[in-house]
Amino acid sequence: LLEGARVLVFSADFAQVYCEAGVQEHGAPPERLAWCGVDLVLAAREDAVLVVGAFGDVEPLECDGPVRVFPEVDGARLVTGAQHELVRKVPQSLLELHRPGSTSPGALLYDAKRLFDQQDPGSDELLRAVAGDLEAAVDALLEAAEHELCPREQVRILRAAAFGAAHCRSPPRDKDRLRALVSTLRVLHAAADPKVGVYMTYAQLQMFTVPALISRLCDMRCHHLASKAAQWLERFEAHVVHHWAAAKVRHSPGAPDAQLCEQIVAKAAGVPGISFADIATVAHGFGRKQLASMLLDHEKQPAEQVPLLSDFGEDDRALDKAIESGDTSLVYLVIFKALQRLPFPDFLALVNRKPTARPLFHSWARATD
């Protein structure tokens, strides 16, 4: 942005000037520049935004009041007191699909599905025309669905892609792509609901990552939606349940331990990868020692359960669980931690009560005498 309200467009290495765009005829000079994707720039001032193209063309955008511009990977967000809009260059995949008279494989397959729904025999003619490029047509439609912002149009594009995949002579190269895309878009639409307010495009999600979106929903205490999203994606459910359980403990200081434990166990039961030891650690950190102990009763991994029982000072239970596991390394772990923490008479009393642990301690003592 130069003096005189001029915008220069350079190559990435600043070696070549592509064009110079004058924006002075559109009112007061802009106060700041912001990227809009990779090949557009927004020149913004307090109450107006100008879109500057790579070849010097300038297009003003109407704004209802003071506006703030936030760049995104595929465009930019314009936020006013009353509106939140996304500005971006129309992706090439959508241009090829919706351009009037387009004969690209994706457009032909899209039209074939539309005619098929209308029971028009022309659908068969279009399918024959695109038969040699059917897999490419399916891929083009899936890419267009990723960029489409209208949910209803997305559904039509995805149905056309499924229609084409069903007519492929051989299984698609990436047969799970359609299913994964549908699940991801379902999550995006649910997060964009005004009650949640996390609106992002598919390209933005790829940059932000799905785990980060799930974590953000959890941080917003939208655990029900986060759980549904994890189920749709068939991933991250254990993370959601762990975060919910931690929030439940944090925000329920007066709830009885038994009731809270029952609720957490009911929610976490059957969730692959869930760790009751991690939840017990959180509960212990909030001073809910009895709750932590009760949660550890549901931990199925002795290697996770026994060290925590020992750290919580429950040496007797820890030693019992270690002996039940049959893992002598865990038994030694509890013995050594108890030896460091307990007065020696209390330690001897603990070991002598456990016939299995006593000879192990005697063996270690003789070896280190």
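In which helix does S93 lie? S93 is in helix α1, residues 92-98; helices (H or I, at least four residues) and strands (E, at least two) are DSSP runs, numbered from the N terminus.

This is a predicted model, in which local features need pLDDT of at least 70 and side-chain atom pairs count only at pLDDT 80 or more, while totals for chains, interfaces and linings use all residues. Residues are numbered from 1 along each chain as its sequence is written, and side-chain values use heavy atoms, with hydrogens and water left out.

**Overall form**

The protein contains 18 helices and 9 strands. Its radius of gyration is 31 Å, well over the 21 Å that the globule rule gives for 369 residues, so the protein is more spread out than a compact globule. The radius is taken over C-alpha atoms, and the rule is 2.2 Å times the number of residues to the power 0.38. The C-alpha trace spans about 90 × 60 × 45 Å along the principal axes.

Of the 369 residues, 41% are buried; buried means under 20% relative accessible area, exposed over 50%, and partly exposed in between (1.4 Å probe, protein chains only). Among contacts with a separation of 6 or more, 47% are between residues 24 or more positions apart, where contact means heavy atoms within 4.5 Å.

S93 is buried, with a relative accessible area of 10%. Apart from neighbours within four places in sequence, S93 is in contact with E143, A144 and H147.

V282 belongs to helix α12, residues 276-285. With neighbours within four places in sequence left aside, V282 has contacts to H242 and A246. The C-alpha atoms of V282 and H243 are 9.9 Å apart, and the two residues are separated by 39 residues along the chain.

**Aromatic rings**

The whole structure holds 6 aromatic pairs. Rings of Phe, Tyr and Trp (its six-membered ring) pair if their centres lie within 6.5 Å; planes under 30 degrees apart count as stacked, over 60 as edge-to-face and the rest as tilted. F116 and F163 form a tilted pair, 5.0 Å centre to centre with 40 degrees between the planes. This pair links distant parts of the chain, with F116 and F163 47 residues apart.

One aromatic cluster is formed by Y332, F336, F344, F347, F361 and W364.
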